[in-house]
Amino acid sequence: MDIGQRLRSIREDRGLSQRELAAKAGLTNGTISLIEKNKTSPSVASLKSLLDAIPISMAEFFSTLEDTQTSKVFYREHEFTKISPTSDGQVSLRQLGNAEQHSLQVLHETYPPGADTGPEFITHEGEEAGIVISGEIEVTVGNTAETLRPGDGYMFDSRLPHRFRNTAEETCIVVSACTPPSF
């Protein structure tokens, strides 16, 4: 998916200038210009701030077309929707199916060493839960931070400010779910 083109298209459809969107999202219009030209990749938190300012959910932003006549049940790895930029050292979020057509959003998350969701904490409607498959991840919810290892999990109200950060030397894999799909 061309994130920059998609953002520009939605911004223009909503009648927003880059300056207006920047002011609402707390970013510079130069940053939005770079994102729209695919010259920089936003952090997960920055992208969430941009989409909240439009407003549009990440699930809707990254929605893929599913045949509504016949529900899709099985998905191959290559059929997951990439909902965050996947460049070296950044968080990779891959969504199972089209969350806009379901009441549950399921993500396969990959955090390379040093990667995080961004310096800004994330908040959104719903509840969130996940299980660490491999590696370690520091999860901060409100004022509490814990390092989770394989087999450990988390569950919290997503309206609480939260952040995910890999402080370890190896890649961390997490499978998570959010309901309703608001991320």
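Reader: Before we start, how are the axes and angles defined here?
Author: This is a predicted model. Angles run from 0 to 180 degrees between N-to-C directions, and the axes, for helices over the stretch in contact, are lines fitted to C-alpha atoms.

Reader: OK, so are α2 and α4 roughly parallel or roughly perpendicular to each other?
Author: Their axes come within 8 Å and cross at roughly 115 degrees. Angles of 65 to 115 count as roughly perpendicular. So α2 and α4 end up roughly perpendicular to each other.

Reader: Which residues make that contact of α2 and α4?
Author: The crossing of α2 and α4 is right-handed. By class, the contact has 4 nonpolar, 1 polar and 1 charged residue. From α2 come Leu21, Lys24 and Ala25, and from α4 come Ser49, Leu50 and Ala53.

Reader: And how many nonpolar, polar and charged residues does the contact of α2 with α3 have?
Author: Helix α2 (residues 18-25) packs on helix α3 (residues 29-36) at about 115 degrees, with the axes 8 Å apart. On the α2 side, Gln18, Arg19, Leu21 and Ala22 meet Asn29, Ile32, Ser33 and Glu36 of α3. Sorted by class, that gives 3 nonpolar, 3 polar and 2 charged.

Reader: Switching to α1, why do its buried residues sit on the same side?
Author: Helix α1 (residues 3-13) buries Ile3, Gly4, Leu7, Ile10 and Arg11. An α-helix has 3.6 residues a turn, so residues three or four places apart point the same way. What covers the buried residues of α1 includes α2, α3, α4 and α5.

Key: Residues are numbered from 1 along each chain as its sequence is written. This is a predicted model: local features need pLDDT of at least 70, side-chain atom pairs count only at pLDDT 80 or more; totals for chains, interfaces and linings use all residues. Side-chain values use heavy atoms; hydrogens and water are left out. Helices (H or I, at least four residues) and strands (E, at least two) are DSSP runs, numbered from the N terminus. Contact means heavy atoms within 4.5 Å. Ala, Val, Leu, Ile, Met, Phe, Trp, Tyr, Cys and Pro count as nonpolar, Asp, Glu, Lys and Arg as charged, and the others, Gly among them, as polar. Buried means under 20% relative accessible area, exposed over 50%, partly exposed in between (1.4 Å probe, protein chains only). Angles under 35 degrees count as roughly parallel, over 145 as roughly antiparallel, 65 to 115 as roughly perpendicular and the rest as oblique. A crossing is left-handed if the near helix is turned anticlockwise from the far one by less than a right angle, and right-handed if clockwise.
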